[in-house]
Amino acid sequence: MCPFCLESVEDEIHVLFVCPVYADISLKYLGTVVIDETTLEQQCVSLLASEDNGALNLAKFVFCAGQRRQSHTAGVMATGI
Ligand SMILES: [Zn+2]
């Protein structure tokens with residue numbers, strides 16, 4: 001379960017395209033707003049195969065998402081929730 005939104009399993013699809021906690025950086029680096037979840041895996045493949053810095057932008061997203069996750073986790077631990 002995603003510890004932030006508590007909406008679904010925290011897998012890579014959720015973090016990349018679905019979770020509202022990462023929505024702003026997802027939009028910034030991946031430029032994608034997903035409506036149809038049945039095409040999520042195909043969108044991941046397309047992103048990685050993109051010649052338009054797809055892998056680089058994905059790496060930037062992962063870096064920023066990791067920092068955000070760490071700060072959220074630290075905040076949760078600090079407040080004792
Ligand atoms: Zn989430």
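## Order of elements

Among contacts between residues at least 6 apart in sequence, 35% join residues at least 24 apart.

## Confidence

The mean pLDDT of the protein chain is 81, and 84% of the residues reach 70 or more. Among the elements, α2 has the highest mean pLDDT, 89. The lowest mean, 76, belongs to helix α3, which covers residues 40-49.

Where pLDDT is low, the predicted coordinates should not be read in detail.

## Burial and the nonpolar core

The protein chain has 81 residues, and buried residues make up 12% of them. The largest nonpolar core has 7 residues. Its members are Leu16, Phe17, Val18, Tyr29, Leu30, Leu47 and Phe61. Helices α1 (12-18) and α2 (23-30) each supply at least two residues of this core. The largest share, 3 residues, comes from α1.

Leaving out residues up to four places away in sequence, Tyr29 touches Asn57, Lys60 and Phe61.

## Arg68 in helix α4

Arg68 lies in helix α4, which spans residues 54-79. This residue has 15 C-beta neighbours inside 10 Å, so Arg68 counts as partly exposed. The reasoning rests on two cut-offs: a residue is buried with 20 or more such neighbours and exposed with 12 or fewer, and the class in between is partly exposed.

When neighbours within four places in sequence are set aside, Arg68 is in contact with Val21 and Tyr22. Ile25 is 43 residues away from Arg68 along the chain, and the C-alpha atoms of these two residues are separated by 9.7 Å.

## Pro20 in a loop

Pro20 is found in the loop between α1 and α2. Is Pro20 buried or exposed? Pro20 counts as exposed because it has 11 C-beta neighbours inside 10 Å, and a residue with 12 or fewer falls in that class.

The C-alpha atoms of Pro20 and Glu7 are separated by 9.8 Å. Along the chain, Pro20 and Glu7 are 13 residues apart.

Conventions
Residues numbered from 1 in each chain as written. Predicted model: local features only at pLDDT ≥ 70, side-chain atom pairs only at ≥ 80, totals over all residues. Core = buried A, V, L, I, M, F, W, Y, C linked by C-beta atoms within 7 Å. Helix = DSSP H or I, 4+ residues; strand = E, 2+ residues; numbered from the N terminus. Contact = placed C-beta atoms within 7 Å. pLDDT = per-residue confidence, 0-100.
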